[in-house]
Structure formats: C-alpha cells, structure tokens
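Thank you all for coming; I would like to walk you through one structure this morning. Let me put it on the screen before I say anything about it.

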Amino acid sequence: MTLREVKKILNCTVVVGDEALDMEVDMACGADLMSDVLTFTKSGALLLTGLTNAQSVRAAEVADIKAVIYVRGKMPDNEAISIAKESKIPLLSTKLYMFESCGKLYKHGLIGISEYREVKNEYTAR
Amino acid sequence: MNTPQDSVYSQQFEIVGGDFTRGGQVATKIKRILKEIGIDSSIIRRVVIAVYEAEMNVVMYAQKGILNLMVMPSEIDVVIVDEGQGIADIKLAMEEGYSTASVEMREMGFGAGMGLPNIKKNVDYFYIQSEVDVGSRLYISIII
C-alpha cells in the first residue's frame with residue numbers, strides 16, 4: 001500500500017512529506033509509548049500514534065519507521081515537524097481515533113508488524 | 001581493552017540532562033555516522049535503539065552525561081557515563097516494567113520500564129555499574 005492510499009483511507013492531512021506519498025508501506029503498528037515503538041516495531045513500518053512531541057519523530061527515526069500518522073486529530077508540535085523535515089520522515093494527521101484508524105488500514109490489507117515475516121515467507125514458498 | 005587508537009572512527013558526545021526536546025539527538029547523529037561508514041542497517045538499528053534508550057535515561061535521570069562511540073573493525077563500542085541520581089537496585093531496574101519515571105517522562109512516551117531491558121536485548125555485551133547520587137556507567141558492544 002502506498003502512503004497516498006493510507007492518506008485516502010484515513011482522510012489525512014499531510015503535515016510533512018507531500019512529495020513522499022508514493023512511498024510503499026508494508027506493515028503498521030499503533031503505539032503511544034515510545035518505549036514500545038523501540039521494542040516491538042520492525043524496520044520500515046508505518047507508525048500510528050497519539051504522541052505529538054519531538055520524541056515521536058526521534059523514536060521513529062531511531063526505529064527506522066517510514067512515516068508517522070497522528071490519530072484523534074492531533075498535530076505534531078513544531079519541534080517534531082522540524083526534526084521530520086530534517087530526517088525526511090513524512091507526518092500525516094487523521095481525525096479518526098486509534099482503533100478506527102488501525103481497523104480501516106487493516107481492512108484494506110495493511111498487515112501488522114508481527115505478521116510481516118510470515119506473509120513474506122508465504123510468498124517465497126509459492 | 002580497545003582504545004580510540006585502534007578504532008575506525010571514534011567520537012565523544014555530550015548529553016544534557018532534563019532536555020527532553022534535544023534528547024535523542026545523539027542517537028540520530030550516530031545513526032548518520034554509522035550509515036556513512038557503511039555499517040549494515042540491521043546493526044545500525046540495534047546500536048541506535050540502545051543508544052537512544054541510554055541517552056533518554058541520561059536526559060531523564062541525570063544532570064549530564066558523556067557518550068563515547070568507538071567503531072572498531074569488528075565491533076561497535078559505546079560507553080555512557082553520567083552524573084546523576086544513579087540506580088539504587090540495578091537488578092530491579094533490569095526487570096521489564098519496573099520504572100521510577102515521573103508523570104512528565106510518561107507524558108513524553110517513556111517510563112514504561114523497558115529501557116535497560118531493551119538496551120540489553122539489542123546488544124552483544126552489556127555492563128552497567130551505578131552509585132546512588134553519583135551516577136551510572138554503561139558499557140555496551142555490538143559485534144559487526
């Protein structure tokens with residue numbers, strides 16, 4: 001799924017990274033605890049979060065998160081925006097709540113991080 | 001013991017305690033340095049996650065800290081020395097879920113009690129020593 005499709009499904013506003021919407025995302029995770037982002041995510045995931053400060057983007061950069069979606073209509077603060085511009089991580093915002101955002105993306109075929117390897121193996125086996 | 005003379009690259013960074021906005025800057029700088037050197041991305045991710053957790057520990061619990069990065073031909077060594085409150089019970093601090101974080105730290109998305117266990121999980125060598133009201137020393141290595 002491309003980030004442009006994610007934007008359409010969740011009716012997102014693009015805060016940073018208009019030029020990066022053709023980027024492919026293969027999996028996603030939802031977390032408000034940055035410690036969990038560092039512990040449980042995989043490289044290349046899309047992050048959905050309600051945390052809007054600088055650390056939401058720093059943790060994303062550290063964990064190789066491809067793009068960040070802020071849920072519940074939240075907007076990243078100025079520091080987060082400036083870090084995202086520097087590290088070229090697209091930031092989007094949706095008015096939908098966390099559960100609905102994750103549910104809609106999942107329904108459209110975007111898988112969770114724990115499923116990622118399994119699906120890849122299945123493709124290899126075919 | 002490795003010395004900076006043996007290293008491919010070495011650099012020292014300062015970490016400012018209590019600065020939640022700049023916290024994480026050292027980790028992202030190191031990520032860029034390791035990328036430039038051409039280290040494998042899966043190794044970089046492990047180093048940088050460990051460094052970020054350690055850096056945020058300094059930001060949250062110390063007045064200041066010094067981080068030394070040494071990239072050796074076959075491993076990456078990081079030593080973080082801070083001046084701060086220290087850790088009273090390291091064994092307890094290593095338990096997942098144990099945290100002494102304040103409300104402010106939790107609002108920043110930290111303080112889930114995953115920091116030290118997550119550092120240990122990502123590295124090949126882990127050693128920590130600490131003295132209450134003096135500070136902590138953390139030694140980590142990752143084999144390339």
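What pattern does chain A follow, read along the sequence? Chain A runs α-β-β-α-β-α-β-α-β-α-β-α, which comes to six helices and six strands, where helices (H or I, at least four residues) and strands (E, at least two) are DSSP runs, numbered from the N terminus.

A word on the source: this is a predicted model, in which local features need pLDDT of at least 70 and side-chain atom pairs count only at pLDDT 80 or more, while totals for chains, interfaces and linings use all residues. Residues are numbered from 1 along each chain as its sequence is written, chains are lettered from A and ligands numbered from 1 in the order in which they are written, and side-chain values use heavy atoms, with hydrogens and water left out.

Turning to the overall form, the C-alpha atoms of chain A fill a box of roughly 45 × 25 × 25 Å, taken along the principal axes. Of the 126 residues in chain A, 54% are buried, meaning under 20% relative accessible area with a 1.4 Å probe, protein chains only.

Let me finish with one residue in chain B. B:V123 sits in the loop between α5 (115-122) and β4 (125-131), and B:V123 is buried, its relative accessible area being 10%. Leaving aside neighbours within four places in sequence, B:V123 is in contact (heavy atoms within 4.5 Å) with B:R46, B:A50, B:I140, B:S141 and B:I142.

Note on methods. Buried < 20%, exposed > 50% of the residue type's maximum accessible area, 1.4 Å probe, protein only.
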